[in-house]
Amino acid sequence: MIVLGIETSCDETAAAVVTAEGRVLADQVLSQLVEHRPFGGIVPEIAARAHLEHIDRLVARAMADAGLGFGELAGVAATGGPGLIGGVMVGVTCAKAIALVHGLPFVAVNHLEGHALTVRLTDGVDFPYLLLLVSGGHCQLLAVEGVGRYRRLGTTVDDALGEAFDKVAKMLDLGFPGGPEVERAAGDGDAARFPLPRPMTGRPGCDFSFSGLKTAVRHALAALPGPPGPGDVADMCASFQAAAGDVLVERCANALDTFQERYDRPGPLVVAGGVAANRTLRARLADLAAGRGTELKAPPVELCTDNATMIAWAGAERLRLGLVDPLDFAPRPRWPLDPDAPPAVGAGVKA
Ligand code: KG4
Ligand code: ZN
C-alpha cells in the first residue's frame with residue numbers, strides 16, 4: 001500500500017511517497033524562506049501563492065523519485081488543517097483533484113497528527129505514548145492512545161515555544177526562523193548570565209506559558225548599557241534556551257506522572273514538531289526520560305520540521321483503518337487533536 005502525501009499548511013511546500021510498511025520512496029520539501037525573510041515572518045498571502053506556484057512540480061518530482069504512476073497509489077493524503085487556510089486549500093485541492101481523476105481515496109490529515117505519528121514510522125513506537133508537540137504554532141502534551149485518539153494533558157496559555165524562539169531571535173537580529181539561529185548562538189554562551197523566569201513551574205498540571213519569558217528577555221536586553229554584542233547575544237540565547245529547557249522538563253515530568261497513573265506505564269516520551277530539532281532540548285528530555293526508567297523517542301531532525309512524509313504516513317495509518325474523507329471535505333484553520341480537552345488554566349487559550 002503506497003500513499004502520496006501533500007503538506008502546504010505553513011511555509012513549506014512538500015510532497016512525499018511512503019509505503020504502509022514505512023519505506024519512504026520520495027520526500028520533496030521546498031522551503032519558502034527566501035520569500036518570507038524580508039518580512040521577518042510568514043506572510044500568509046505570499047505563502048498561499050508560493051504553494052500554488054510550486055505544488056504541481058513537487059508532486060510530479062515526488063512521483064518520479066518514487067518511480068510510480070498515480071494508478072499505483074492506494075490513496076492521496078493532504079494536510080486538511082490546522083494552518084494558514086490559503087495554503088491548506090492549495091494542498092487539499094491538489095490532492096482531491098488527483099484522487100478524483102485516478103479514482104483514489106482521499107485522506108484529510110490533521111497536521112498535528114502528522115507530527116504525532118512520525119515516530120511510529122521512524123521508530124515503530126507502539127500506542128500509548130506521551131507526546132510533547134512543540135512547534136511554531138503549538139506547544140502541547142498529549143497522551144496518544146491510537147490513530148485519531150488523543151487526550152490533551154496540557155497546552156500553552158499564550159505563545160508556542162517555537163514562536164518564543166522566533167521572537168527572541170528577532171529581538172537579537174538573528175534572522176528567521178529563529179529557532180536554529182538561537183540554538184547556534186547559544187553554543188558558546190553562558191546560560192547562567194541572565195536570570196530568566198521559568199513560567200508555570202511549580203504549579204500542578206502540564207500547561208505552559210512563554211510570553212513572560214519572552215518579555216523578560218526584552219527587559220534584560222533593555223537593561224544592557226548598549227546594543228548587545230556577540231557575547232551578550234550568545235549568553236542571552238544560552239540563558240533563554242536553558243529556561244525553556246527547565247520549563248519543558250518540569251512540565252513533562254508532571255505529564256509522565258499522569259501518564260503512569262492513567263496507562264500504568266512510565267512512557268515512552270516522544271517529542272515532535274519543529275522545536276524538537278533542538279539538540280540541547282532533546283538532551284534534557286532524554287535525561288528526564290532515562291531518570292524515569294523510560295526512553296525519549298524523537299524523529300530525525302528533518303522529520304521534526306514540517307514535511308510531507310509525516311502526512312503520507314498518517315494517511316497510510318488512516319487508510320489501514322479504513323478512515324477516508326469525502327471530496328467535499330472543507331479545510332480547517334483550527335483543528336484540535338482533542339476537541340473535548342478542558343481549556344488551559346489561564347488567558348488567551350490557543351487550540
Ligand atoms: O513544526 P514546524 O516546522 O512548523 C510549525 O508547524 O510550526 O516548526 C517551526 C518552528 C519555528 O518556530 C522554528 O523556530 C522552530 O520550530 N525550530 C526550532 C529549531 N528548529 C526549528 N526551535 C528551536 N531550536 C531549533 N533547532
Ligand atoms: Zn508543524
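Student: Which helix is Glu261 in?
Tutor: Glu261 lies in helix α8, residues 230-263. Helices here are DSSP runs of H or I with at least four residues, numbered from the N terminus. Keep in mind that this is a predicted model: local features need pLDDT of at least 70, side-chain atom pairs count only at pLDDT 80 or more, and totals for chains, interfaces and linings use all residues. Residues are numbered from 1 along each chain as its sequence is written, chains are lettered from A and ligands numbered from 1 in the order in which they are written, and side-chain values use heavy atoms, with hydrogens and water left out.

Student: Is Glu261 buried or exposed?
Tutor: Glu261 counts as exposed because its relative accessibility is 69%. The cut-offs are under 20% for buried, over 50% for exposed and partly exposed in between, with a 1.4 Å probe and protein chains only.

Student: OK, and how far is Glu261 from Leu285?
Tutor: Their C-alpha atoms are separated by 20 Å, and the two residues are 24 apart along the chain.

Student: Switching to the ligand. What surrounds ligand 1?
Tutor: There are 19 residues around ligand 1, and the closest are Gly136, Asp166, Gly179, Glu183 and Gly274. Being near means having a heavy atom within 4 Å.

Student: Which helices supply that shell?
Tutor: α4 (111-123), α5 (161-171) and α6 (178-186) each supply at least two residues. The largest share, four residues, comes from α6.

Student: What about polar contacts?
Tutor: For ligand 1, that's a pair of N or O atoms within 3.5 Å. A polar backbone atom of Gly274 is 3.0 Å from an oxygen atom of ligand 1. For a backbone N or O atom of Gly137 the distance to a ligand oxygen is 3.4 Å, and for a side-chain N or O atom of Ser135 it is 3.5 Å.

Student: How much of ligand 1 does the protein cover?
Tutor: 89% of the 550 Å² of accessible area that ligand 1 has on its own, by the Shrake-Rupley method with a 1.4 Å probe.

Student: Last topic, α11. How many of its residues are buried?
Tutor: 11 of its 12 residues are buried, including Trp313, Glu317 and Arg318.

Student: Why does its length agree with what you'd expect?
Tutor: At 1.5 Å a residue, the 12 residues of α11 (309-320) should span 16 Å, and its end C-alpha atoms are 16 Å apart, so the two agree. The expected span is 1.5 Å times one less than the number of residues.

Student: And what follows α11?
Tutor: Gly322, whose phi is positive, near 75 degrees.

Methods
A polar contact is a pair of N or O atoms within 3.5 Å; within protein, one must be able to donate a hydrogen and the other to accept it, and residues adjacent in sequence count only if both atoms are side-chain atoms.
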